[in-house]
Amino acid sequence: MEELRERLSAALSDRLYQVVISNPRKKEGAFKIKIRPVMVKGELCFQETVSEGTQVFHRNYEKQEMLSRILFYIEDGFRQLEAESMDGKVTALVSKKGKVTVKCKSKGEASLYKPDMSHNRAKNYILEEGTAVPFLVDLGVQAKDGRIIRSKYDKFKQINRYLEFVEDILPSLEGEGTLHIIDFGCGKSYLTFALYYYLHELKGKEVCITGLDLKKDVIEKCNLLAEGYGYKGLHFYQGDISTFQGAEKVDMVVTLHACDTATDYAIKKAVDWHAKVIFTVPCCQHEVNGQIQNELLEPVLKYGLLKERMAALITDGIRANLLEEAGYDTQVLEFIDMEHTPKNILIRAVKRQKAGGRTGKETKVSSMSQALCVHTTLQRLMQK
């Protein structure tokens, strides 16, 4: 912890771009904290932005108080920190036993790009407004001059929100060699292209991304776009998630809006591959809706809409718990504001470095399933 204190003390200056603290141990409370330098009445301060549920809180601190708060967050329950400045990057990872590993990477020559220290500034997106990105232009999200098409602004926000979630888990994907990623049910592939662009073009990582979907015309179009951009590590194939056999080693599995039990097959394959990271945004959870029965809950279940929503939440709760049993630190997060889409839950699972013992969750999930008369596809697959 002392090394981290020294590194952060040096980083907390007017040369800092930002500090990102993420991957909390606790499921309640803040899930991400960002810190950046700001000038307040001519004095250098540090603005803390805390994301908690659907709310965001801002507060400014002087250097020593900010340093103490950062160290408290690391001691209190966050697993990773990344501080980037004009001089380089500091990464801290916290093990399950509380050991802090600090890695530093110098830029060599200091960057000439200075941090924006204005107190009130526009939202900082990973893919910036005004900067044309080829795939966003071709997919109709941006105009050729980089302006966001008004009707596609929600899609633009969704893409950036997705990349923020990816940014949080980047330390878990560190390692030698090419990153192998599979996107099941990729559809029109807004987010698949965004992931490739972010990892390869912006972060300079060697990646091999496979997109899989049932629609032949969509796959053909996506391959033509990828070829046109020169994205040599991005390929699309027509196929079904449940029967896919085209990979042996996979670092990250993504399944966004795969319908009903297709999500379960994707999760099972990811677990079998020992994928380091799993992202899934479930969709159309019909299975439990057709099974759920409980006399005590009948006053709620008799209403179709309430039954449907409850069934979806129970399905995703079971999935999250089964991933924890399989050795993953799992979070259930809001993917995008409910006002834009009701399918807004993201299950994010990161493989634990050392698999822990079972904690009784299996018994609790089984007891709940029996009480509700449900048995999901993922439960069946995990028993094999």
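A cavity is here a set of points, on a 1 Å grid over the protein atoms alone, where a 1.4 Å probe fits but cannot get out, whereas a pocket is an open set with protein on both sides within 12 Å along at least five of seven lines, and lining residues have an atom within 4 Å of a point. Grid points are joined across faces, edges and corners, and a volume is the space filled by probe spheres set on the points. The views show a predicted model, in which local features need pLDDT of at least 70 and side-chain atom pairs count only at pLDDT 80 or more, while totals for chains, interfaces and linings use all residues. Residues are numbered from 1 along each chain as its sequence is written, and side-chain values use heavy atoms, with hydrogens and water left out.

**View 1. The largest cavity and its lining.** The structure holds one cavity of 30 Å³ or more, and the volume of the largest cavity is about 60 Å³. Its lining is made up of Val20, Ser22, Gln80, Leu81, Glu82, Glu167, Asp168 and Pro171. Strand E1 (16–24), strand E5 (78–85) and H4 each give two or more residues to this lining, and E5 gives the most, with three residues; helices (H or I, at least four residues) and strands (E, at least two) are DSSP runs, numbered from the N terminus. By class, the lining of the largest cavity holds three nonpolar, two polar and three charged residues, where Ala, Val, Leu, Ile, Met, Phe, Trp, Tyr, Cys and Pro count as nonpolar, Asp, Glu, Lys and Arg as charged, and the others, Gly among them, as polar.

**View 2. The second largest pocket.** About 630 Å³ of space lies in the second largest pocket, and of the 24 residues that line it, Gly185, Cys186, Gly187, Asp213 and Leu256 are the closest to its centre. Helix H4 (153–168), helix H5 (190–202), strand E9 (207–213) and strand E11 (252–259) each supply at least two residues of the lining, with E11 giving the most, four residues. The lining of the second largest pocket comprises 11 nonpolar, seven polar and six charged residues.

View 3. Because 10 of the 13 residues of H5 are buried, H5 is largely enclosed by the rest of the structure; buried means under 20% relative accessible area, exposed over 50%, and partly exposed in between (1.4 Å probe, protein chains only). Among the buried residues of H5 are Tyr190, Phe193, Tyr197 and Leu199. Just after H5, Gly204 takes a positive phi of about 70°.

**View 4. Helix H2 and its buried side.** Helix H2 (residues 63–76) has 14 residues and reaches 20 Å from its first C-alpha to its last, close to the 20 Å expected at 1.5 Å a residue, the expected span being 1.5 Å times one less than the number of residues. Met66, Leu67, Ile70, Leu71, Tyr73 and Ile74 are buried in H2. These residues cover an arc of only 155° around the axis, which puts them on the same side of H2; the arc is that of the directions from the helix axis to the C-beta atoms. Just after H2, Gly77 has a positive phi of about 155°.

View 5. Asn23, in strand E1, has a positive phi near 60° although it is a residue other than glycine, and Asn23 is buried, with a relative accessible area of 9%. Cys284, in the loop between strand E12 (277–283) and helix H8 (298–301), is likewise not a glycine and has a positive phi of about 50°; at 22% relative accessibility, Cys284 counts as partly exposed.
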